[in-house]
Amino acid sequence: MTAGRHGERRYQTRQRRAVLRALTTVSGFISAQDLYAHLRHAGEPVGLGTVYRTLHGLADAGDIDTTRTTTGEQLFQYCAQPGCTRFLVCRQCGRRVALDARPVEQWATATATRHGFTDIDLVVEITGRCANCA
């Protein structure tokens with residue numbers, strides 16, 4: 001068993017380790033389907049359903065970052081440091097730039113707390129067109 005970033009305990013299966021290891025070898029965000037193909041090409045006997053369940057479990061635990069494409073597809077990325085889950089996204093080419101959103105997070109947490117909210121989940125994604133697409 002291992003502990004996630006939020007302290008919960010969970011089992012590390014061979015498949016879970018393979019998915020996480022594969023995420024550390026790809027650059028940038030990747031879809032579950034593409035990661036599945038990557039694993040199969042590498043000879044890892046992991047089913048597509050297992051890839052989806054593992055990715056969603058890792059994302060829920062805060063161990064990986066996620067974002068969505070303009071078509072709504074969820075993408076996943078390994079991030080060595082927690083908290084790099086805020087992005088500036090080009091709507092045209094999909095380029096993503098990680099942001100330091102601590103001031104926004106602090107404001108949002110303070111505002112939610114002032115209104116009696118707990119267990120706060122903040123999603124920050126700014127979209128526009130990058131300089132190359134403008």
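Please keep in mind that the model is predicted. The chain has 134 residues, of which 31% count as buried. Its secondary structure comes to 4 helices and 8 strands.

**Overall fold**

- Among contacts between residues at least 6 apart in sequence, 48% join residues at least 24 apart.

**Helix H1 with helix H2**

- Helix H1 covers residues 14-25, and its axis lies 10 Å from that of H2, at an angle of about 100°.
- Angles of 65 to 115 degrees count as roughly perpendicular, and H1 and H2 are therefore roughly perpendicular to each other.
- On the H1 side, the contact is made by Ala18, Val19, Ala22, Leu23 and Thr25, while H2 brings Leu35, His38 and Leu39.
- By residue type, this contact of H1 with H2 holds 6 nonpolar residues, 2 polar ones and no charged ones.

**Helix H1 with helix H3**

- H1 also packs against H3, here at an angle of about 70° and with the axes 10 Å apart.
- That angle makes H1 roughly perpendicular to H3.
- H1 contributes Gln15, Arg16, Val19, Leu20 and Leu23 to the contact, and H3 contributes Thr50, Val51, Thr54, Leu55, Gly57 and Leu58.
- The residues of the contact of H1 with H3 divide into 6 nonpolar, 4 polar and 1 charged.

**Helix H2 with helix H3**

- H2 spans residues 32-41 and H3 spans residues 48-60; the two pack at about 125°, with their axes 9 Å apart.
- This angle makes H2 oblique to H3.
- The crossing of these two helices, H2 and H3, is right-handed.
- From H2, the residues Ala32, Gln33, Leu35, Tyr36 and Leu39 meet Leu48, Val51, Tyr52 and Leu55 from H3.
- In the contact of H2 with H3 there are 8 nonpolar residues, 1 polar residue and no charged residues.
- Some residues turn up in two of these contacts: Leu35 of H2 touches H1 and also takes part in the contact with H3.
- Val19 of H1 is likewise listed in the contact with H2 and in the contact with H3.

**Cysteines**

- If you are wondering about disulfides, the count comes to 0.
- A disulfide here needs two cysteine sulfur atoms within 2.5 Å.
- For Cys130, the closest cysteine sulfur belongs to Cys133 and is 3.7 Å away, so the pair is too far apart for a bond.
- Cys130 counts as buried, since its relative accessibility is 10% and the limit for buried is under 20%.
- Cys90 is buried as well, with a relative accessible area of 4%.

- Ala131 sits in the segment after strand E8, which covers residues 125-128.
- With a relative accessible area of 72%, Ala131 is exposed, because exposed means over 50%.
- Ala131 and Cys90 are 41 residues apart along the chain, and 9.1 Å separates their C-alpha atoms.
- Asp119 belongs to the loop between helix H4 (102-114) and E8.
- Asp119 is exposed too, at a relative accessible area of 77%.
- The C-alpha atom of Asp119 is 9.6 Å from that of Thr109, a residue 10 positions away along the chain.

Key:
Residues numbered from 1 in each chain as written. Predicted model: local features only at pLDDT ≥ 70, side-chain atom pairs only at ≥ 80, totals over all residues. Heavy atoms only, no water. Axes fitted to C-alpha atoms, helices over the stretch in contact; angles between N-to-C directions. Parallel < 35°, antiparallel > 145°, perpendicular 65-115°, else oblique. Left-handed = near helix turned anticlockwise from the far one by under 90°. Contact = heavy atoms within 4.5 Å. Nonpolar A, V, L, I, M, F, W, Y, C, P; charged D, E, K, R; others polar. Buried < 20%, exposed > 50% of the residue type's maximum accessible area, 1.4 Å probe, protein only.
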